[in-house]
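We will go from the inside to some ring pairs and finish with the whole chain.

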Amino acid sequence: MSQAIRTCSKVASLVGELCRAVPGDPLAAVEVVDPASVPQPYRRLLVHDSDMTSTLEDYYGEPIMLKVLNRVATPRWLARRSVLELAESGTPVEYGLIRIDLALLDEPIRRQVLDGELPLGGLLNTHGVVYRSCPGGFLRVEASGTMLREFHLDRPAWLYGRCNCLSDPLGKPIAEVIEILPPQGNGE
């Protein structure tokens, strides 16, 4: 890991802002947790300073596709609720809420972001965009509503996730995101 990861004091407000930015089920219960208390394999998948798209592709050995559940766009911003799925099997591997500053993206990337077929991290990597991933807090989230359906769960379950910021080399936030993973097997 190339940088220290700390819990950001703005995590609670960011969760609220992102949940309000795009219509959908509110998160039932959210707790900020210390990264050391995140169990494996969640810890391996969340506690790092890399983007989640490439992390999940490496972990599952498959490309990742984007399924947009809901979105709100303005000329400057795109906010969406989405699920990342494995391209071959369709298995859901992340539920996310993201707010993207379209003004910081070049036109070809902006168009692809608005098309909503590929995750932002994958697009940035494919286009060679230099950016930083900076997790600001780790979460324990109770799955409910849409998350239960998308993860094919028959009852509420506690899952783990993180708040993350992708920023350009000058530190301007390209995107703020909540990334929640489905149930994972026991640790490594």
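Start by selecting Leu46 and Met147: in the largest nonpolar core, which has 35 residues, these two touch the most other members. A nonpolar core here is a set of buried Ala, Val, Leu, Ile, Met, Phe, Trp, Tyr and Cys residues joined through side-chain atoms within 4.5 Å. Buried means under 20% relative accessible area, exposed means over 50%, and partly exposed is in between (1.4 Å probe, protein chains only). Now colour helix α1 (residues 11-21), which gives the most to this core, with five residues. In soluble globular proteins, nonpolar side chains tend to be buried together.

A word on the model: it is predicted, so local features need pLDDT of at least 70 and side-chain atom pairs count only at pLDDT 80 or more, while totals for chains, interfaces and linings use all residues. Residues are numbered from 1 along each chain as its sequence is written, and side-chain values use heavy atoms, leaving out hydrogens and water.

Stay on Leu46 and show its neighbours. Leaving aside residues up to four places away in sequence, Leu46 touches Val38, Met52, Phe138, Tyr160, Gly161, Arg162, Glu179 and Leu181, where contact means heavy atoms within 4.5 Å. Another core, of 15 residues, lies apart from the largest one; select Leu78, Leu166, Ile174 and Val177, which are among its members.

Next, look for rings. How many aromatic pairs does a search of the whole structure find? There are two. Rings of Phe, Tyr and Trp (its six-membered ring) pair if their centres lie within 6.5 Å; planes under 30 degrees apart count as stacked, over 60 as edge-to-face and the rest as tilted.

Select Tyr42 and Tyr160: this pair is tilted, with 4.9 Å centre to centre and 55° between the planes. Tyr42 sits in helix α2 (residues 42-46) and Tyr160 in strand β6 (residues 158-167), 118 residues apart, so the pair links distant parts of the chain. Helices (H or I, at least four residues) and strands (E, at least two) are DSSP runs, numbered from the N terminus. Both Tyr42 and Tyr160 are buried.

Then select Tyr59 and Tyr60, whose ring centres are 4.9 Å apart with planes at 90°, so they are edge-to-face. Tyr59 is partly exposed at 27% relative accessibility, and Tyr60 is partly exposed with a relative accessible area of 27%.

Finally, zoom out to the whole chain: it has six helices and seven strands. Buried residues make up 47% of its 188 residues.
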